[in-house]
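Me: Please take a close look at one part of this model. I want the interface, in brisk terms.

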2 protein chains.
Amino acid sequence: MSGEPALAALIDALRRLPGVGAKSAQRMAYHLLQHDRAGAQQLSAALAGAAQRIGHCARCHTFTEAPVCDLCLDAGRDARQLCVVESPADQGALERTGSYRGLYFVLMGRISPLDGIGASDIGVAPLLERATDGLVDEVILATGFTAEGEATAHALAQALRARGLKVTRLARGVPAGSEIEYVDLGTIAHALVDRR
Amino acid sequence: MSGEPALAALIDALRRLPGVGAKSAQRMAYHLLQHDRAGAQQLSAALAGAAQRIGHCARCHTFTEAPVCDLCLDAGRDARQLCVVESPADQGALERTGSYRGLYFVLMGRISPLDGIGASDIGVAPLLERATDGLVDEVILATGFTAEGEATAHALAQALRARGLKVTRLARGVPAGSEIEYVDLGTIAHALVDRR
């Protein structure tokens, strides 16, 4: 397909999407051009609109078009609890449980030394500022139970406790619906230690 | 993420890409907004540019920005051979072999009754017109060796032979680098029948 700069540029640009390699990008480009030109136009407009309009909430850092997101503005939420999550996707999962009525702080990342992402890159300072607003009296760390998520929770807990804040962590344990014999040993050990 | 129409629109639009579901679309949107806004702008422009500028070659039907593609205009190609492929990707694979010097006709699809795609949807009439230009004396069918590719080749061969054209098909056989014991039986049977 030499001599087709617009097609080459489209395939190049699609490769910037996470998880999309050369073959997938080519397949996507051919599909859009052959079967879904309206989809190509729609995606083009949606990308431009989102890149232009979506910023970060001044209070919780999640994606929003407004200066402060709807959830942070919701007077019905309990301002004494602040739940720290890695991403808007994690926040969405917690919201879907329907069992949390406090506010959030979205890190938009996690400490990952292998990727060169340290504490200063994931907004620890804004979190400390947010958590010391005089209303928050408990910070719930809901980062992932992965190596990076645990390292992030550890670093945040140290910094928050140094400011005199109460810090809790989501419980580790046996997932709902599990048969004990099929649960990994590390999880069983933690569930024993954290038994209630 | 209720109340964020630009984000919802972006995730919706990304889901129109083939192979992209709800989770992937969300991950792509978050990645672009958090880490690669330049990539979002680049993809937006590339999509708009491609949708606007890329059409089909009047001779071979492949994607091109010009009325006729570079390959069809290349006087160094042998106009007596016309190779029929399903897609520009297949054409690219044949070109990379460096062993074909004729011209192409790109079907941009294949007969697939299960998807409601019949002979009239894949440009049989334009192919017949193209193949009867007085220069072509051999049509090489290089559609895939799948059920759909074989059905397409069969239908095209009938129509082309009815016009008195010589029609050939890519050889079926044992792939290069294969140990016979690991090759599927259907392939071995075909390689026996087509032995030379």
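How much area do chain A and chain B bury between them, and what share of it is on carbon and sulfur atoms?

Reply: This is a predicted model, where local features need pLDDT of at least 70, side-chain atom pairs count only at pLDDT 80 or more, and totals for chains, interfaces and linings use all residues. Residues are numbered from 1 along each chain as its sequence is written, chains are lettered from A in the order in which they are written, and side-chain values use heavy atoms, without hydrogens and water.

Chain A and chain B bury about 4700 Å² between them. Carbon and sulfur atoms carry 62% of that. Buried area is the accessible area (1.4 Å probe) that two parts lose on being put together, summed over both. In contact (heavy atoms within 4.5 Å) are 50 residues of chain A and 51 of chain B.

The two chains share 2 salt bridges (a side-chain nitrogen of Lys or Arg within 4 Å of a carboxyl oxygen of Asp or Glu). In a salt bridge, B:Arg16 meets A:Asp36 at 2.8 Å, N to O.

On the side of chain A that touches chain B, α3(A) gives the largest share, 14 residues. Helices are DSSP runs (H or I, at least four residues), numbered from the N terminus.

Now α3 of chain B, residues 37–53. Its 17 residues should span 24 Å at 1.5 Å a residue, and the end C-alpha atoms are 24 Å apart, which agrees. The expected span is 1.5 Å times one less than the number of residues. Buried residues (under 20% relative accessible area, 1.4 Å probe, protein chains only) of α3(B) include B:Gly39, B:Leu43 and B:Leu47. The buried residues of α3(B) pack against α1, α2 and α3 of chain A, together with α2 (22–35) of chain B.

Technical notes: Helices (H or I, at least four residues) and strands (E, at least two) are DSSP runs, numbered from the N terminus. Buried means under 20% relative accessible area, exposed over 50%, partly exposed in between (1.4 Å probe, protein chains only).
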